[in-house]
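Dear colleague,

Please find below the structure that I am handing over to you.

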Amino acid sequence: VANLSNELVKNYKIYITSIFNANKNIVFDYSKNIELIKLSDIKEITLPNVKNPFFKILRELARPLVRFANRIIIKIMSRRFIKLAKKIEPDIIIDNSDSFINGKFVLKNSAVIKLIHGKFDIYKNFNLDGLQNFVLLSSQELDSYKTKYPNSNFYIIPNFLPNISNLNTNYSQKVVVSVGRLSKEKGFLRLIDIWKLIQDSSEFKDWKLHIVGDGDLKEKIENKIRDLNLTNSIILKPFTKDVESEYLSASIYAMTSHFEGLPMVLIEAQSYALPTISFDIATGPRDIIENDKSGYLIEDNNLNEYANKLKTLMSDENLRAKMGAKSKEIVKSKFSKEVVMKQWMELFERIK
């Protein structure tokens, strides 16, 4: 949202509407010419993670009530948004939410573009009938969307990097890096299992795995690292805005997510000429990694094959350099600001 808005504001008046006040501080930088509007100070109601079995039962009993309360909040926010939109009278509304705007939403003289960030399973239960324009980040699940919404128009436009660095990493570094939120979907627990398979071989004892990020699973991840006796080879690092230093401190990027939309971390890593390896999950990695050329795509959850391919990269510095060069080439040709913004401008002209 930040990257796209910061480019669009050069030609358009941009308003960003926040449905929930999830964070007091905005992590990403926005142009001063963009107007940020919060619909309220309400936060979406979430249920805490608990370990006690009794509290787990209470949490599940409360789940239907929380869903009902959030639906009411969404309805209130929707009315406020419609009132705001009628006042602004935008030419184009880009909806980045899951289901805030649905097919019932009609605003005279405003075209709505639904931007899909996740996999089809997330959206298949939402009623988006009537929305005319969908933008998908990947073409992998296009047929599923077309089957569900046969009367809608679909466009494939990926995310982009606002700047592609001139820096390339040093392939002599014996470090594998993985960056992301420490949550279940990012798959860091299975990355630790993979690293255990690698460390069982004495050949790679001098290699380190850096995991960069914060999240709910931090304690569980720390415990697993300790239980598998990997504290000497896995380094947990906190969330940082200076992620460039993390990419440049490694010679391989590893992603083990269970699902993604279009993983920006892979694109960012490849922009620093890092060879990348990922499970071939529903959407994302296949659009970014060219198998056997810029890295490896592994059958989902085949931990042994993942470990073997990672060993192949770790064993061959020249291969890392060759694949890294291809990685950078892919980013420039598919995910640069110039390439992607041209696609957005063409879309606006088409739906105007």
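The crossing of helix 5 and helix 10 is right-handed, a crossing being right-handed if the near helix is turned clockwise from the far one by less than a right angle, and left-handed if anticlockwise. Axes are lines fitted to C-alpha atoms, for helices over the stretch in contact, with angles from 0 to 180 degrees between N-to-C directions. Helices (H or I, at least four residues) and strands (E, at least two) are DSSP runs, numbered from the N terminus.

Helix 5 contributes Arg190, Asp193, Ile194, Trp195, Leu197 and Ile198 to the contact, and among the residues of helix 10 are Tyr306, Leu310 and Met314. Contact means heavy atoms within 4.5 Å. By class, this contact has nine nonpolar, one polar and three charged residues. Ala, Val, Leu, Ile, Met, Phe, Trp, Tyr, Cys and Pro count as nonpolar, Asp, Glu, Lys and Arg as charged, and the others, including Gly, as polar.

As to provenance, this is a predicted model, in which local features need pLDDT of at least 70 and side-chain atom pairs count only at pLDDT 80 or more, while totals for chains, interfaces and linings use all residues. Residues are numbered from 1 along each chain as its sequence is written, and side-chain values use heavy atoms, with hydrogens and water left out.

Turning to the sheet, four strands form an open, parallel sheet in the order 3-4-5-6. Strand 3 (92-95) and strand 6 (153-156) are at the edges with a single partner strand each, so one side of each has no neighbour in the sheet. The twist averages 25 degrees from one strand to the next. Strand 5 (residues 133-136) pairs with strand 6 over four bridges; two strands pair if DSSP finds at least two bridges between them. Leucine 136 has isoleucine 156 of strand 6 as its bridge partner. Helix 12 (residues 337-351) lies across strands 3, 4, 5 and 6, at about 145 degrees to strand 4 (111-116).

Finally, asparagine 229 is not a glycine, yet has a positive phi of about 60 degrees. Asparagine 229 sits in the loop between helix 6 (218-227) and strand 9 (234-237). Aspartate 292, also not a glycine, has a positive phi of about 70 degrees.

Yours sincerely
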